[in-house]
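The entries follow in the order in which I made them.

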Amino acid sequence: MIWRLLLLCSLALPAGRAAAEAVDAGTIDAGTVADEDDGHNDDDVAGLPTLARLKARGELWWGADAHGGAPFVFQDPRDPSRLIGFEVELADAIAARLGVRARMVQGPWDKLLDLLERGDFDLALNGLEYSEDKKGAVLLSSPYYVAAQKLTVKRGEPQAPRTLDDVKGKAIGCLPGSLAQRMLEGRGADTRAYDVQDDIYQDMVLGRTLGALADEPIAHYYGDIDHRLETRPERYGELRYVIAFRLADADMQRAVDDAVAAMAKDGTLRAIYERWGLWNPETAALLGDSDPAPHAVATSFEAWRSAVAVRPPFLERVRHRYPAMMPLFAHAAGLTLAVSLLAMVLAVALGLVLAVARGFGPRPVRWLAVGYVELFRGTPLLVQLTMIYFGLPELGVTLSPFSAGVVALGLNYAAAESENYRAGLLSVPPGQLDAARALGLSTTQALRHVLVPQAARVSLPPMTNDFIALLKDSSLVSVIALTELTKLYGILGNSTRDHLGLGVVVAAWYLVIGLPFVWLARRVERRLGQGRRRGAIAGAA
Amino acid sequence: MIRVERLTKRFGNRAPVLRDIDLVVDTGQTSALLGKSGMGKSTLLRCLAGLESFDSGRVVVDGVVVEAGQSTVPLRGRVGVVFQSLELFPHLSVLDNCTLAPRVTGAILPAAAAAEARALLASLDVDEVRDAFPEALSGGQRQRVAIVRALMMKPRVLLYDEPTSALDPSLKAEVGRTVRRIGEHTGMTQIVVTHDPEWAATWCRDIFVLDDRGVTKTRDL
């Protein structure tokens, strides 16, 4: 029976693979790129220097985290299938000057430089702060934007700080590892670091913090739009946003610097920043513009404010916003399902090999199997995933994000599956193996026809449980640049500031893809148990 | 003919369970192997069936010689076993229990296997339960199915391990009749391991006793 189950899984493989190719390595189309299922495959141009390679493929791949939110790179709250932001427009403009199209590659913000190093994209462009200590690891462009730090507080809260000199001992939110965090800690504030910028401001509204210090664009897009909050006029510090390149890509760095300089000169940059309401005196000085006051209407900012400042009523969201997000969710659910299915096939097959090796192999093989199980069961999946994705390239093995996700989840769950099988095999009386052998069956034949079918009866229920757990654990693959369901929820939640409603939607998606397997497993369990039950009924009669 | 020569078997570093055992059983006869529990009767049976390797000596079954240290696999299938706990496969129907081994090992064509199994099941009055699963059968039915399962591999010798333990007298006689019927129908060599001298005297021709001095033939009709 177990073999039939395996066969079933392997039949699902091509379908899963196809789905996986369709969703590919977490690329989200930015601006000019139209074909969604175009993939993200660099095999044809491998070996060329980066600048030559991107020209050969006709696309500039730029790394960013849409989870970071507005106004950098985020899903348009009015049309969530579109990726917008001032950096999207900047990337499009740079790509156009290089004569190619831009394609955004999704990656976690704090891993962007590692992904760049790995070769997942050509450059990282996502509010990266200029700092001397980055310089040993990557090349940095000239700054393209200068942001001040702005303090946002709760309106009418008497305890709230008025200036940065007033934060000592007070709970103030910020982004982890940011200039704001260093400034707050230097002044003795009770610093609260949040991964998601919307959370910084939500927690202040809920009264968990008294203020927030962040880059001006963030304060503008999350603080200024909420009437319960007040952003103070004082400007602190100065933070320069730069683009990062691999150390070997000096020609890329020069080409991009030239493009940015030209766009500063012809007013392209100013137009982008004014549209997004981001034009400020520091950036004017940086770009050599003598006019620090914005003149154009900040249309993109106003669109954002009108879309998210007031959350539409729930029914309205159910009727219009969520249906519009369905293609994105379907995409992410397909990826979650494909990764999970393939990982489970690997786990089930490898787990069986491990359990048999442990139970029937010669002593060294047994030890190896035990060592494997303890190693993979005893260390966090996140560590294994990170090692496989970022560590193996040091040994010359560079897996695609999809393969790395499948391999890491599969290797990890194989340990659990092997223990399931072992429990199942141990539940079969030893006399059954004797009986099979006395009839002339080899050990392999005895396993195949006598032991494993009986073990499956015991192993199947926990296996179903593991598959559901794996489905949920697959959310960890978002750390290696795959946009699956949980990551998409984070991205959309941050860009629409709708965490509750979208939470219900994403939970429904997990149930929709998980429940069929629960149902299938129950059926298989029933069939495995059939002999016994039918027998018992016949016996009673 | 079955011949055991100077067979010694020990588990690990402990004292041998069997020491220098010699045994010769005539072809085509039903013999009993008697002995108190703990004397190693079942271990000797497992050595004959090829389920246990041994430390010295040799086992010869129907011309196949297995020396100490050699693979015991050639004995398997040649020597059928009806285990004390029967060990029917609970996930398979009676018919599948009987046809699994010949099908898997290629001993008989699958179509022929089913027909042959049904004939054997019918000869022991259990053909009507062929589609049932072992759990649904009575103890006696199960035992007869286990015998048919062993016979399907056409063994030269059939070994029974304590087939009458924990049975009341009328059922013991039933087992005896079955064993005798198989001997008469097939002309096969049978060895019944038991600790019941009365039963052995009633249903077996030759009687061997295993004690700490070895095997002694106490009756030779």
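I first wrote down the rule for burial: a residue is buried if 20 or more other C-beta atoms lie within 10 Å of its own, exposed if 12 or fewer, and partly exposed in between, with C-beta atoms placed from the backbone. I noted that this is a predicted model, where local features need pLDDT of at least 70, side-chain atom pairs count only at pLDDT 80 or more, and totals for chains, interfaces and linings use all residues. Residues are numbered from 1 along each chain as its sequence is written, and chains are lettered from A in the order in which they are written.

Entry one, B:Ala117. I counted B:Ala117 as buried because it has 26 C-beta neighbours inside 10 Å. B:Ala117 lies in helix H3 (residues 110-123) of chain B; helices are DSSP runs of H or I, at least four residues, numbered from the N terminus. Leaving out residues up to four places away in sequence, I found B:Ala117 touching B:Leu95, B:Cys98, B:Thr99, B:Val148 and B:Met152. Contact here means C-beta atoms, placed from the backbone, within 7 Å.

Entry two, the chains. I looked up the contacts between the chains: 21 residues of chain A meet 20 residues of chain B. On the chain A side, helices H16 (430-438), H17 (443-473) and H19 (499-540) each give two or more residues. H19(A) gives the most, with 7 residues.

Conventions: Contact = placed C-beta atoms within 7 Å.
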